[in-house]
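Subject: Handing over the two-chain model

Dear colleague,

I am passing this structure on to you, and I have written down what I found in it so that you can follow along as you look.

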Amino acid sequence: MWNRTELSRRAMLGNVGCGFGAWMLASLLHQQSHGMGSKALDGLHFPARAKRVIFLFMHGGPSQVDTFDYKPQLIKDDGKPLPFEKPRVQFSQTGNLLKSPWAFAQHGESGAWVSELFPEVAKCVDDLCFIKSMHGSNEAHGGALLKIHTGSDTFVRPSMGAWISYGLGSENENLPSFVTINATLGHGGVQNFGSAFLPAEHQATRIGNLASGISNLKNPELSESDLRTQLDLAQSLNQGHLKSVGRDSHLEARIQSMELAFRMQAEAPGVLDQSGETESTLKMYGIDAKQTENFGKQCLLARRLSESGVRFVQVSHSYWDQHDALRAQHQELAKQVDLPIAGLLKDLKARGLLDETLVIWGAEFGRTPTAQGTDGRDHNPHGFTYWMAGGGVKRGFSYGETDEYGYYARENRVHVHDFHATLMHLLGIDHEKLTYRYGGRDFRLTDVHGRVVHELLA
Amino acid sequence: MILSSSVRRVLSSKLAIACFFVSLVFPWFARNTWSFDEDQMAFFEERIRPVLVEHCYECHSARSGESKGGLLLDSRKGVTLGGDSGSSIDLVNPDQSLILGALRYDDLKMPPSGKLSDQVIDDFAKWIAMGAPDPRDEAATVAPSLTVDWEGAKNFWSFQPRTAVNPAKASSEWCRNPIDSFVEQKRNAAGVQPVEETSRATWLRRVYIDLVGIPPTPEESMAFEQSAEPDIYERTVDALLASPTYGQRWGRYWLDLARYADSNGADENHAYPVAWRYRDYVVDSFNRDTPYHLFVREQLAGDLLISSSNPQASSLSEADQRRLIAATGFLVIGPKMLAEQDKPKLVADLVDEQIDTMGKVFLGLTIGCARCHDHKFDPILASDYYALASVFHSTKSMEHLNHVAQWNERELPDSEIVRSMAVHDTKIEQANLQVQQHTSELMQKHAIPADSPEPSKQLESVLNDSEKESLAKLKQVHEELTKSRPKLPKAMAVQESEVRLVSVHVRGNHLQMTGQPLAPAVPTILRRRAATETLQMAPSSSGRLELANWIADAQNPLTARVMVNRIWQGHFGSGLVSTGSNFGLRGQLPTHPELLDWLANTFVENDWSIKDLHRLIVLSATYRMSTGSNSHSEQVDPENRLLWRQNRRRLEIEPLRDSLLSMVDLLDTRVGGEATAASAAPDARAVWASKIGSARRTVYLEVNRAAMSDFLTTFDFVEPGVSVDRRPTTIVPHQALYLMNHPLPLEVGRQLASQIWSQGGNDAQRLEQVVRRVYGRSATVVEKQIVQSVASSRKEEQDAAISHSLESFESLENCHSSLETWVKICRAMLLTNEFLYVE
């Protein structure tokens, strides 16, 4: 039979062309997964503090001042006009200040303030590293989603998961390196997890919902060995074709992707199947209760995928866009995710995985401390909260501040580009060096921006 | 111009633009600027500067670090340059100056803290009237947004009229038509050699997939390969172009551009129950080869072509009228925020979507970028945008703007239905009479006076069962007739509404307008006759027809170029301009500008016939090249910009799925009608077929913006919310999973095997048939060997066989493998690259 390794390497080279350095990274790490030892780390720009990422994306934009960014002044000045100017561009008009309907309290040894919305996550604050001074540049969902996922709200660019897949390759050659669960199809849709001009293999594999899993994963008729025979037959025909037409990176990439499909078919069902999990684990993720079942299953799947070596797993939860009905909806949405998120953190920790897994919680933007109507808040890209946990970040730590009402990031501001730079750094990648030449220019995730926020690193 | 060219370069283009206009209208004016006497300067120092410092600098000065709205007022330059809304002073019509409007609180309302006194405003008016004397020489420090070199942009290739080019004399026998001369010339200049001509079989599959999206049948491909007729290529192309399947293929290209879908998507994903009439209009237009200039007019203003003011309108049949109304669905089928509660914003967004799509599709210009500010790269002003916006604000695209708004649908004329409605109404009336009659008979019988209270209730209580039944029957007849009353068909379509001219929206904000309402006008850069060219129109009309006519005009430098480039792209995978919907400054330059212009000229001369253009392209030697390689060309031009070979292309999902179905004679090629769910059962041609879902051509499958079918998106179907000129081609494992495990390819593989198996013969003959059906050619030695390795083994050894060496197998002619073996072979072939790619 044809030599798969040689072919895939050629295909890689053909595809990656100008990004040779990055290919080296991928290749070296790939070898590491086969037990080639620590030498692989030489391929990284820095020692990696995290091997993989789980991004819990709260689509719609939860309100920072109702969750993790405690603002006593906002409570005092409830109903008063904002004493400084609102941003030049706003998504909608807002009125006066609106205090949080939820009470805050301090938790853990670190004494982090968390609102009543997240009682379970509150128990984990000593493992969290808050960034309370995030800011972006787009006040609409679509643009802001694209910004946080791809670094650009203007042009089609690869998503961060695709960049990481491109830079690091897969830890498990039978699984894709980038998986997105319950992805949002609006607001930029597939661009948010696409590979743009990077080789297509780096785009996310989509898992719609758990019932359907990955579509067409199972053959209704054939056994695995029958399938292998059929695929070998097809691949020998492909080899014959390739010989007659000459080198073509697309044809080679497709040959490779059929092999990946076959391996996914063998391995993915096991990873997707949660039936082997213990009752206490299911309970930890809230899978035993209706309200938390759905997101709980997704978080558990994220752990299983991550555990199996998927570099970047994103879990999306919708839809935190409370222009009105803030009290009821934020309450409901928080209930759906609070326990599962805490479950994920505890589970990772108990399995010793949290040290090498970076968990990130955040959204496309936050919300205004000023009211929209009487029970709503508008989009706010000018100051919002992210938190990270695990893989190389400080624990029980908080960085950056918004103003006294939580509107604008004021101290130690962290732009979306800075966040990307830091994320790459944690994975051992210099964000300025991981580039890809396209249309005559070297592109990178952070464009021409980005500062690694060293203060966050453990 | 008063400014030397070097100064002009230093200054922003915005000033250049301002001066450009000024010099056009009042060329004398510039001489008088900026030379003032002491009194005038004193006026500025005493009356103007203090006000600026006190009330304006906080938000509009370099020192404060603020330049709100892009405006700086701390220097003469800043004042002249203005901000996002344009220059703050208008020296030609001082009273129209933006700054005065703002001070007077007409629109901008500045300063925001409160209106200044009339005295101050009066001072500003006087100051501007005297020419705005201003000694503040320091440069504005904030770079204005626009960096377009306006003068240079006028010379940009795509804004220039097409040049009359003649093809060079064919220098070699390689050339088959003028296209080839252009291509050869360019290639020779670079010293690049073309690859050889492709085989007949490959050309045939290529041209079938390209023109109709379905592979040739075994009979067709055999006949073509063996034909000795000299014009067999030409005749094949003519036959394909005459087939209704052609419109189904090329209509889909257009539907990508027109962001066609069967539902709204966006916030409220309502079904579009009659969007398909626009889809059918498009397919039909390609099939009837509607001249492209008409195709443009119809989609933008088909309704107005019917109106009495059009001299040709009287000769239009009803079918034509229906077509023309449905054509304007182009403007309505985009996604809309139906539940947007800020209704003026909903409308502004809708208009924006229309302008953006129209600009990209017909002109290859990203006009939509000028909504919030002058275009950052192209010479398109915000005022150009809003002059076009006036056209669409005066067009009715929405039925109403209630809480959840409703798009516009129009009834389509059909006198036959109107007649049958009349007949039907008579029947309804008769049925009603019978009910009345019978009721009064029964009332009489039961002696219920007609004027008694609630007579029907009384009657009900006294009727016996058979009486009740007879009355109910009559009522039912009436009810059913009422329900089945024929209705006029509807289509998503626009119509004229009240004329509503809009002015520039500051930063695209519909709540903040500035300047005069703008009459419909064409973008400044494309004005031919006078700098002030507007769309000449009746005062009560939207200007939509005039806009359509202007786009469709043979003199428009963009329209024909953009379209011929799209057709070229459809045949080569990439256009001569690789950015098909962006012919602006940020688009790619044409690789073969002369060829592009020659094609466009020829297109226009041939009455904009798209079919003629296809014919020209696919019969060229350029199209006929193989996808092969040679190392020198590969080295010099790896991207094949010089066209030294054909490009290998992956099948899009439509020809992929349609090929699968047609390979086993199941494809339903009927034209038109409502969208079909992918899962819908096909017309039961075979029991096995029920497993595969709808057998209709993929173009007729439902496009639900919020719930796209998995297999469509897996194979790079368009994002149907935006105009897409070129689909990406990704390679992901899910595509392989689909082909390996989805019921459609699985069943097709099985059926293909059983169809071939049932015909008898030996394995060699069967292989020949399978290869013919799947690849459209004869089997190769390698394939024979591979199949032999599977076929000749004992059953239990079959699976292992292919990994062994290929030597010493008995001849394939003597093999008669089982059906299951052939199922395996057929399914494997459907997984191969050769099936999935067009050479």
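The notes below go from the whole model to its chains, its core, the contact between the chains and a few helices.

This is a predicted model, in which local features need a pLDDT of at least 70 and side-chain atom pairs count only at pLDDT 80 or more, while totals for chains, interfaces and linings use all residues. Residues are numbered from 1 along each chain as its sequence is written, and chains are lettered from A, with ligands numbered from 1, in the order in which they are written.

The model scores ipTM 0.76 and pTM 0.74. As for pLDDT (the predictor's confidence in each residue, from 0 to 100), chain A averages 85, with 86% of its residues scoring at least 70. Over residues 1-42 of chain A, however, the pLDDT is below 50, and this stretch has 53 contacts in the model beyond near neighbours in sequence; two residues are in contact here if their C-beta atoms, placed from the backbone, lie within 7 Å. Chain B has a mean pLDDT of 85, and 89% of its residues reach 70 or more. In chain B the pLDDT stays under 50 over residues 140-146, for which the model has 23 contacts beyond four places in sequence, and again over residues 794-809, for which it has 22 such contacts.

Chain A has 12 helices and 17 strands, and chain B has 35 helices and 12 strands; helices (H or I, at least four residues) and strands (E, at least two) are DSSP runs, numbered from the N terminus. Of the 458 residues of chain A, 56% count as buried, and of the 839 residues of chain B, 49% do. A residue is buried if 20 or more other C-beta atoms lie within 10 Å of its own, exposed if 12 or fewer, and partly exposed in between, with C-beta atoms placed from the backbone. Among contacts with a separation of 6 or more, residues 24 or more positions apart account for 75% in chain A and for 68% in chain B.

The largest nonpolar core has 289 residues, and those with the most contacts inside it are A:Leu56, A:Val359, A:Trp387, B:Tyr278, B:Ile333 and B:Val564. Such a core is a set of buried Ala, Val, Leu, Ile, Met, Phe, Trp, Tyr and Cys residues joined through C-beta atoms within 7 Å. It draws at least three residues from each of domain 2 (330-410 + 495-552) and domain 4 (743-838) of chain B, where the domain bounds come from an automatic or database domain assignment. A second, separate core of 19 residues includes B:Ile48, B:Leu72, B:Leu91 and B:Phe124.

Where the chains meet, 35 residues of chain B are in contact with 38 residues of chain A. On the side of chain B that touches chain A, the elements giving two or more residues are helix H29 (733-741), helix H32 (781-791), helix H34 (819-830) and helix H35 (833-836) of chain B, and the largest share, seven residues, comes from H29(B).

Helix H12 (residues 244-257) of chain B has 14 residues and reaches 21 Å from its first C-alpha to its last, close to the 20 Å expected at 1.5 Å a residue; the expected span is 1.5 Å times one less than the number of residues. Because 13 of its 14 residues are buried, H12(B) is largely enclosed by the rest of the structure. Just after H12(B), B:Arg259 takes a positive phi of about 45 degrees.

Helix H8 (residues 178-189) of chain B is mostly covered, with nine of its 12 residues buried, and those buried residues pack against helix H23 (593-605), helix H24 (610-618) and helix H25 (621-624) of chain B. Just after H8(B), B:Gly191 has a positive phi of about 65 degrees.

In chain A, helix H7 (residues 224-245) has 22 residues and reaches 31 Å between its first and last C-alpha atoms, close to the 32 Å expected. Its buried residues include A:Leu231, A:Leu233 and A:Leu237, and H7(A) is followed by A:Gly246, whose phi is positive, near 90 degrees.

With best regards
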